[in-house]
Amino acid sequence: MNAVTPITADELRETINRHLTYTIGKDKAHASLYDWRMAVSHAVRDLIVDSWFAATRRTYEAQGKRVYYLSMEFLIGRILDDALVNLGLHDQISAVLADEGVALDDVIADEPDAALGNGGLGRLAACFLESLATLGCPAHGYGIRYEHGLFRQRFAAGQQIETPEDWLTQPHPWEFERPEAHYTIPFKGHVAQDNGKPVWHPAETVLARAYDTPVVGWQGRWANTLRLWGAHPTQLFDLERFNSGDHTAAAAPEALARTLSRVLYPEDTTDSGKELRLKQEFFLTSAALQDILRRFLSEYDDLALLPEKIAIQMNDTHPALAGPELMRLLVDDHGMDFDTARDIAGRTLNYTNHTLLPEALESWSTWLMGRVLPRHMQIIEAIDAAHAAATDCAPHLRIVYHDQVHMGTLAFVMAGHVNGVSALHTDLMKDTVFADLHDLYPGRILNQTNGVTPRRWMRLSNPRLSQVITGQIGAGWESDLDRLAQLRDGAGDPDLHSSLRAAKRQNKETFAAWLRSETGQVINPDAMFDVQVKRIHEYKRQLMNIFEAIARWQAIRRDPGAGWTPRVKIFGGKAAPGYHTAKQIIRLINDVGRTINNDPMTAHLLQIVYPANYNVSMAQRLIPAADLSEQISTAGKEASGTGNMKFTMNGALTIGTLDGANVEIREHVGADNFFLFGMTAAEAAARAATPDHARSAILASNALQDVLQAIAEGLLSPENPNRYHGLVDHTWHHDPFLVAADFDAYLAAQAEVDATYRDTAKWDAMVLQNIAGSGFFSSDRTIKGYMAQVWDSRSLI
């Protein structure tokens, strides 16, 4: 397929004005910024639709394999600016709007981030959808249309406060509601026998209604579909109850249904929260599979062809019910026998694992599963029995074990391929969390190292760097990122180093200006921007980072004239509402920031920044401005990471452990261009098993003792000196993620960072090598791997 048909400025102007008048219902004289954004969005969407329809027709004509990607998260960010870059329309639209006295940057900033994800899992899914479209692989993404997302984060007295996201309070111009595409999703009830066959009689039902967003690839040559499900009641309104005066109960069906698509990851510390999460996962999975089978049967009449025509990817364990649900549909609705259905499902489904933490591999009590999904509990037990009979496995390798349904085991057993997301992660899957299953099913585990789309994370987010790269190696690298290696030909060119340094400096000034306008905080662009942005979790070790900030502050106060490298430490990320320790870490970061930022002796040398509500749009401002990327998770705990890749592409140097994709980043950029510290995964596992490892490490580190004493004495929380006693005690006596054991090595690596940053020529050379070595981490490369090794699918462009 060809790129999108060229359009003139006059045609764009006419289309925008037409939408402003006839879609939005405004004239130019009275149009607000919102009105202009909606008109521009509809005009750009029109252009995408042509490519979208053409891709759909080509897919039906080819009758090849389709890919279906099931994910609880799609962290897509703003759509307008991404579409403009992929269609090559940014400058044209900017000029058209400028003629009307409207700034395109203001129009773009007016679009709310779609609240459809939380962190790396959802951002990865979004990158994959864009790369699937860029590569012309026919695909659908399936997710949930959350009304309020995870939550909007703000801080009050340093504490995280969660409020609902409100992105859908305005019309969403990119989606097409499909009221005809709806499916009944059953829950609860009982299973009876009818002529020897099980029949599920659900007690509750909701409707899943489709909302489609086209996802356009580079140069508009192909567009795929992100189909999100909204929950609606099967009985909209109980008029009899309303007329009898019970007004609240009359609307109860609608309210109960909408809970399924209101919030991402509802708090699950209560029984009702657990039930809601399980229902959400089934809601997504059942709606997607019913839709997939409906589309398949519109083309083919033999369900035995499913594995040849369809590849379903389960992104983590959240969609693991795809196995039993596909079998239910095949057996109960289409009359297939169990063994055949089991074989077809196993050759159609694939599973991506994203965690080495056993507690993160979901499990549900058999009581809850049997109550909410009684037919699925029967099917899971049958799958488990077949798994046990075929492998003669030990009891702990059963899907149902100790009255729990283990979703990781279910996903593994039902998948044709199980992939890790970095080379180290895949090896550790085989050696740790799935070691026994790997022995039972050899060859099932394979690796597909994650990647990110360079269109959003370089071309869109960092136009200054992109311009330097294009000037050096020519156009077209955005879809062939391996070409970044050609930058090494300019390693001895001082003009290239100067251009890269100037682009970084301008990005830092831009971020500093944005931060001041948003928060009032003033930071120095001449300082090193030292950044850690990611979900707040103990294994990601934001705690070690803020401990280092305290140690640095104490050292500066002891010797302020020691030639310190000025730093701005920037944090970003949310903690799960019920994760008390993570929320305490957030509060400690903010308390430390309040103290250090107001210390006149040190404020010019060290600042702490923690803007609230980190999201894709903030990342697009911050990552291009970063000098140092903190990738400091405990070795053996991070599956891959994708933020590490984005920072590397944008010329930030990494301080990190041999964890996740850090290992491969270091290999590709060169060991001399990476600030390595800490234990290996094997060493970390051995240390964690050593009794009293935390106390012994603290007693060996004067710096860490001083940090913990300052916290314990309330120096950083004078209004409540006891605030962090629990956190300090946890570090002394537990420290499961080895902050204490790695702390002194981390301090030494940070001292090396300081010295290198002062050596401008050396730092510049390392920056160039990092950008040049980052081509491997394009999500295009990752998707090509899935297409060849997992899905057996091909491009149609």
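A nonpolar core is a set of buried Ala, Val, Leu, Ile, Met, Phe, Trp, Tyr and Cys residues joined through side-chain atoms within 4.5 Å. In this predicted model, the largest such core has 142 residues. Val 44, Ile 93, Trp 229 and Met 369 have the most contacts inside that core. Helix α10, residues 271–299, gives the most to it, with 10 residues. Leaving aside neighbours within four places in sequence, Met 369 touches Leu 278, Leu 321, Trp 364, Pro 374, Met 377, Ile 380, Val 405 and Met 407. Another core lies apart from the largest one and has 100 residues, including Tyr 579, Val 739, Val 753 and Met 766.

**The six-stranded sheet**

A six-stranded open sheet has parallel pairing and the order β19-β18-β17-β20-β21-β22. Strands β20 and β21 pair in the parallel sense, with Ser 629 opposite Thr 654 in β21. Helix α22 packs on this sheet and touches β17 (528–533), β18 (567–572), β19 and β20. The direction of α22 makes about 155° with that of β18. Helix α23 (residues 580–597) also packs on the sheet, where it touches β18 and β19, and its direction makes about 145° with that of β19.

| Strand | Partner | Bridges |
|---|---|---|
| β20 (residues 628–631) | β21 (residues 653–656) | four bridges |

**Helix α22 against helix α29**

Two packed helices are described by the angle between their axes and the distance between the axes. For α22 (residues 542–558) and α29 (residues 702–712), the axes come within 9 Å and cross at roughly 100°. Angles of 65 to 115 degrees count as roughly perpendicular, so α22 is roughly perpendicular to α29. From α22, Phe 547, Ile 550, Ala 551, Gln 554 and Arg 558 meet Ala 703, Leu 704, Asp 706, Val 707, Leu 708, Ala 710 and Ile 711 of α29. By class, this contact has nine nonpolar, one polar and two charged residues.

Technical notes: Residues are numbered from 1 along each chain as its sequence is written. This is a predicted model: local features need pLDDT of at least 70, side-chain atom pairs count only at pLDDT 80 or more; totals for chains, interfaces and linings use all residues. Side-chain values use heavy atoms; hydrogens and water are left out. Buried means under 20% relative accessible area, exposed over 50%, partly exposed in between (1.4 Å probe, protein chains only). Helices (H or I, at least four residues) and strands (E, at least two) are DSSP runs, numbered from the N terminus. Contact means heavy atoms within 4.5 Å. Axes are lines fitted to C-alpha atoms, for helices over the stretch in contact, and angles run from 0 to 180 degrees between N-to-C directions. Angles under 35 degrees count as roughly parallel, over 145 as roughly antiparallel, 65 to 115 as roughly perpendicular and the rest as oblique. Ala, Val, Leu, Ile, Met, Phe, Trp, Tyr, Cys and Pro count as nonpolar, Asp, Glu, Lys and Arg as charged, and the others, Gly among them, as polar. Two strands pair if DSSP finds at least two bridges between them.
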